[in-house]
Amino acid sequence: MTDRGDDFARRTSSTMRRFLDLEDRAPDDLLEVLPGATVPFWAQVRMQIFWMMSAEHTGSVEVAKTSEWTRWGEARRVARGYLPGRWDAVRRSARHDVCFYVSGSTLADEGGRARNWLVDDFAEAAGDALVVQLRPLPAPIGKPVFRPTLSMESATARARWRARGTAIAPSTSRSMDRLLEAFAGHLDRPSGAFAGIGQSVRRTELLRPFQLDELSRLLDRVRPKIVLFDNGSYTYHGEWVGVMKDAGAWVAEPQHGWIGPSHAAYNYGTAFDQAVLRRALPDEVLTFGPYWSASIRHPGVVTAIGKPHLERQAASAPETRPRSVLVVSSRTDPDVTDAFVVGLRAGLGAEWSIVFRPHPGERSETARRYPRLSADAGVIIDDAADVYETLKRTAIVVGEASTVLFEARAFGCRVIARDSPFADSVIGDAFGERVSDVAHSVQRIEALGVDGAVDVATDPSIWAAKPVAAFREWLTVRRQEPRRTP
């Protein structure tokens, strides 16, 4: 493990250290590739195992999701997948030098249309680009701002139809179980600890060959020299990254949220120097700034570019604010957060407005996960699609472990960090002493003496300046390099 100083080591969680130590030892089973795959099974399950083990220490609570699947709905989805459609990425795409392959979840409203705040500025600067998103089009907030933007929804529907009735070979299934048991042993977990992950992976593996076939067809039509894949470092996407590389593309990932020494998607041991595992990761990560670049252990090239959407929005932030406190959720221990927000509202009184912003993954379940604050008329639930619009109206932001805390600084907000095991490994001492309870929080807020004026100043070490210009310069260099040999 590279020595990067005490703070870097302190922000590396015990779970992350255990993974790094295992990958530095690199036992043979970490490199085993199952029949029909091109990257090791370890890459396919690494993230899920990490999340499971990490949750035991951080208190992170997954959102329970109710399936909305119906036979009629699935039939309609498949029918739309096979019928001609204007948004079908595989059937409607054409040659483009640059392809952005994204989830479609990073959207903001722009005059009744959907701007992908993560990549649209870069796509507009590229000159010859295509944006492909996984989610259906048009988005609920409108048609995409950038054209051409297409969707993989029809391709996903076709893959699901083609996968029906298929099954994983018994020998492959047994190999999965054997490897999961080996991984459990390496990580000092009991026998059967990862059985649930195995069941989940079996379901996704049934779809994978058909999804990759659709992706290959897309890449054959587009023939991109560069692909920017927004979740490329999540190794369960390793086969997708490999197919993109096989198509001759340089694969880069634009940072989309918090990354740091304890984020498993951006920290890898020496096993990932091996070509078979390296195939599962992007060639490069484009970060928001030098602070983030120095906070990860990634075997690819790491380049600070910046975040255009933040730069543009922060420039329009007012320099005076009402007495408002925004509490940001990190999904950790919702019962404690529920009581904290209600207690903070009571402790500060009517002089302050209290706003609670659920984690994006909690929005549909806010009332169930946070019943007390949801029922409190003095607490406002923030449902703005773009958190930056909320930050423009906020004086103080309170949270545990979120990129929003760093973004809040760029908008002139005062930041107070709540203490938790999760916060220790995510933000460390970046925001000074962390508060331990409601009384401590009220004391800190009152001591700030906010009079309405704020200092809107963006730290260039965290948010690199002139990101669009930096991206153009980066793209010029990458375009001049020889195309990867498929």
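In which helix does His309 lie? Select helix α13, residues 308–315, and His309 is there; helices are DSSP runs of H or I with at least four residues, strands are runs of E with at least two, and both are numbered from the N terminus. Before going further, note that this is a predicted model, in which local features need pLDDT of at least 70 and side-chain atom pairs count only at pLDDT 80 or more, while totals for chains, interfaces and linings use all residues. Residues are numbered from 1 along each chain as its sequence is written, and side-chain values use heavy atoms, with hydrogens and water left out.

Stay with His309, which is buried at a relative accessible area of 5% (buried means under 20%, exposed over 50% and partly exposed in between, with a 1.4 Å probe and protein chains only). Leaving aside neighbours within four places in sequence, His309 is in contact, that is, with heavy atoms within 4.5 Å, with Ala108, Trp117, Asp121, Asp386 and Tyr388.

Next, select helix α4, residues 71–82, whose 12 residues reach 17 Å from the first C-alpha to the last, close to the 16 Å expected at 1.5 Å a residue (the expected span is 1.5 Å times one less than the number of residues). Colour Glu74, Arg77, Val78 and Gly81, which are buried in α4. Seen down the axis of α4, the buried residues fall within an arc of 95°, so they line one face of the helix; the arc is that of the directions from the helix axis to the C-beta atoms. Show α5 (89–92) and α7 (153–163) as well, against which the buried residues of α4 pack.

Now turn to the open sheet, where five strands stand in the order β12-β11-β10-β13-β14 with parallel pairing; two strands pair if DSSP finds at least two bridges between them. At the edges are β12 (379–381) and β14 (414–417), each with a single partner strand, so one side of each is left without a neighbour in the sheet. Select β13, residues 396–399, which four bridges join to the parallel β14, and find Ile396 opposite Arg414 in β14.

Finish at Arg369 in helix α15, residues 366–369. Arg369 is buried, with a relative accessible area of 5%.
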